[in-house]
Amino acid sequence: MRELKILAVVIFFTAVVYWGVEPFAHSQMHPHVAPADFAFKDLGVNSKKGDAAKGAETFMSAGCIGCHGVSSQGMAAPMDHASASASFGVVPPDLSTAGAIYDKNFLAALIKDPTKALKVEHKFNESRPHPMIAFFGLGGDIDQEIADIVAYLQSIAPVTPMSDKQVFADACQRCHDIKYDKLMSTTDKEALKAYMGTVPPDLSMMIRSKGTEYLTTFINNPQKQLVGTSMPRVGLSEKAQNQVIAYMEKVGDSKKAEREDLGYKLIGYMVLFTLLAYAWKVKIWREVH
Amino acid sequence: MAVETSRRDFIGMAFGGFAAAGGVIALGAMKKTWDPLPSVQSAGFITVDLSSMKEGEVQTIQWRGKPIFILKKSADMPKNEKRDVIAAGNTYAVMIGLCTHLGCIPTWAPATKQFKCACHGGQFDASGVNTFGPPPRPMDIPPFKIDGAKLVLGEEGPEYKKLVPKKA
Amino acid sequence: MAEIRKATGFIDWLDQRLAVNKFIKVMMTEYWIPKNINFLWAMGVVLMVLFMVLIVSGIFLLMYYKPDIKLAFDSVNYTIMQEVEYGWLWRHIHGVSASVIFLVIYIHMFTGIYYGSYKKGREIIWLTGMALFGMFSAEAFSGYMLPWGQMSYWAAQVITNLFGGIPFIGESLVVWIRGDFLVADATLTRFFMLHVLLLPLVILLLIAVHFYSLRVPHVNNQESEEFDFEDEAKKYLTGQKVESKVVPFWPVFLSKDFFVVGVALTIFFYLVCFHYDFAMDPINFEPANNMKTPAHIYPEWYFLWSYEVLRGFFFDIGGVAAMDIGLAAFGFANVIFMLLPFLDRNTDHVAPAHKRPLFFVWFWLLLIDMIVLTVYGKLPPTGNNAWVGFGATITFLVLFILLPIITKMEANCKCNTGGCK
């Protein structure tokens, strides 16, 4: 039938244009990157089994609380946000939930060599040291000591599941705003600008501008998608990172569920509309054919 | 009868002409309403202190809404007498950081000592001269004045007039 | 003045004052459309429906949108997208229909070219149609600026800069259009005015003329057959509905169109709710930043072919700058479709392209070339891409230079009744 032939031609050319300007063009502009690596294989594995009780002592002697607070254990941060911003460039994180949200392997590597774990070696070197000082050990087996500290951090981490928003706050809010949910960076903006080179973007709509797939690989390893960016690798466990993305979706794409639900209804309505229209058309045209 | 007609013609044409003139004047007023406001037009003057810059460093500042690149040339960058700005004995390249093709902002690639435009692949050397791609001319030099080791943007000093001949 | 009698009912009362019965006859029940048509003839009504959808969704967006560079982005992405009940729906509908309407415009346009519906009395239909295409382009461009995202800003920057290539007045013209040295608040507010008032008014007016211009030469048909509409209408009215070559606009023609509209809207709502990225570029969900150019800048898909013509010339030729040649080619591309009725030198012969062998080849080459331009208009213009773009641009220009020649050959052939070698 002629109409179907014409329809096939229209569909064919529309599909070619769509393929060219969407999937094909995007594959050319954004080359595919390897999937997120939540084992952080490039950092090696600390195979030592940590002892939380010993870790607590090591944690105190290592001087961690010189900069970090552990509010859940009654250890307040030594400085308020403003002075911490001024001295470090960015507010050091409170470690109450670190054992829950960061990967164990990543934490161990971070304590040993921050710039390497954070993948910011292009920004920090001997002449411009990273504000977090590497842990050089207390004289014993350094890997054991680190494993103990990590075990300690895991032992004090909250047992009840954390909310998506809380994970986001602990992992991202030191630098980023989510102004659509009234979260503002704890670090002072001017200090951040000096520290990062630019004010880190507000993340309210990032879920719509980047999408889940990009965010998953980007947060896991920013350098993979944006070579030379000053954003450090965050080191979140897969679960925590998914929570961060879920939170961003809740803020930036809050009507997603409604959209998908309504989508089925609208399509269903139009299908019925079309069927009725067809029946009516057949009835009307019977007279003129 | 003929007199009647011609008089009517005259009155009609005078009326038509008067109405048309009013229309043209109104169009003029509309054109002016679209003009940039005085507050926008009033030139911004920015003073930049160059003494703290390091060799090979690029500084980007905003002037009249445009990015201005200031590069302190290191010894290994070729000099360009037609474009270099000398202040307190040092050589700088100063340019409006907009690609002369369609106005995107090129980025400085320190490895190759080039400005590269992400939009359409244009490239400029350290002096801001176009070397590849669609840009039709080097990046523009903003009007400036040298004041010791300081650079005043927005004012046309003698050094600027030497680099950029008066527009015909 | 007609005598006003005591009305027999409400319709009669209205009819005495507004001549509604006559009006309905002229506009609907005795507005004659050829019977021998296919679903491509429904695109006009589909366009009308989409335009109505744009107006309605636009009205609701207008209630919450704030044309100010400090407020625009958040008024769209927070107020409309997150807070307002069904605000997201209006925005998605507005964005997706703005994109889809261009697909339908292109189908409508190429249908007209294929069946020769642009000549021999139908020139005004074609010209007003192309004017509508131009106005819709301006409408799309001005609307795209309003959310004040990265792509809004940089597309505005790049496109307004095009005027800078005009000799002598270029630079001051750019500043005049923008109302500032850069795309800024003044630019946003004036394009807002254009988008919500001036351009829609012009479009409505043009639609009226477009429809009116259809009345005199009548709608074309699948075989481009010429017949006496009045005779055929008489046949229809006397009950010879099957023999008559025409059908009334209402209900016969529209009953088929409603079915096509139903199919189109089913696909449309799928796109609105599940597959909208093609029409609402993710980059535009980042707020505008005049100090940071996105890695890739490209216009919406429907502008890509002319954009590629613009940048197809990437090297200077004979001392003329690449940019100036590109701008000239771009200007050419934007007016040449207007001139189509006058470039076709086989003026008396209206026939579908498959009955015009040379024109048939020309038609498909043009379509394929425009698709190549569209696809390469989005890709980064480096290496081979630049050369493909250059080749396709040259092909485009050559095709339109050839059109008068091949149609003249066709006319000289005197074989319009078939049997041409």
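How many residues of chain B are in contact with chain C, and how many of chain C with chain B? In this predicted model, 22 residues of chain B meet 25 residues of chain C. The A–C pairing has the most contacts among the 2 pairs of chains that touch, while chains A and B do not touch. Here's the rundown, topic by topic.

**Who touches whom**

- Between chains A and C, 43 residues of chain A are in contact with 43 residues of chain C.
- On chain A, three helices each put at least two residues into the side that touches chain C: α1 (2-29), α10 (206-220) and α13 (256-286).
- That side of chain A, the one touching chain C, is made up of 24 nonpolar, 9 polar and 10 charged residues.
- Over at the B–C contact, 22 residues of chain B pair up with 25 residues of chain C.
- The side of chain B that touches chain C sorts into 12 nonpolar, 7 polar and 3 charged residues.
- As for chains A and B, their nearest C-alpha atoms sit 11 Å apart, and the two chains do not touch.

**Chain A on its own**

- Chain A has 13 helices and 0 strands, so its radius of gyration is worth a look next: at 26 Å it is well over the 19 Å that the globule rule gives for 289 residues, so chain A is more spread out than a compact globule.
- Its C-alpha trace spans about 100 × 40 × 35 Å along the principal axes of chain A.
- Of the 289 residues in chain A, 33% count as buried.
- Looking at contacts in chain A with a separation of 6 or more, 73% are between residues 24 or more positions apart.

**Inside chain C**

- Chain C gets two domains from the assignment: domain 1 (38-215 + 254-292) and domain 2 (298-421).
- The C-alpha centres of these two domains of chain C are separated by 24 Å.
- Each domain brings 19 residues to the contact between domain 1 of chain C and domain 2 of chain C.
- On the domain 1 side of that contact, α5 (87-114), α6 (123-145) and α7 (150-162) of chain C each supply at least two residues.
- α6(C) gives the largest share of that domain 1 side, with 6 residues.
- By class, the side of domain 1 of chain C that touches domain 2 of chain C holds 13 nonpolar, 3 polar and 3 charged residues.

Methods. Residues numbered from 1 in each chain as written. Chains lettered and ligands numbered in written order. Predicted model: local features only at pLDDT ≥ 70, side-chain atom pairs only at ≥ 80, totals over all residues. Contact = placed C-beta atoms within 7 Å. Helix = DSSP H or I, 4+ residues; strand = E, 2+ residues; numbered from the N terminus. Nonpolar A, V, L, I, M, F, W, Y, C, P; charged D, E, K, R; others polar. Domains from an automatic or database assignment. Rg over C-alpha atoms; globule rule 2.2 N^0.38 Å. Buried ≥ 20, exposed ≤ 12 C-beta atoms within 10 Å, placed from the backbone.
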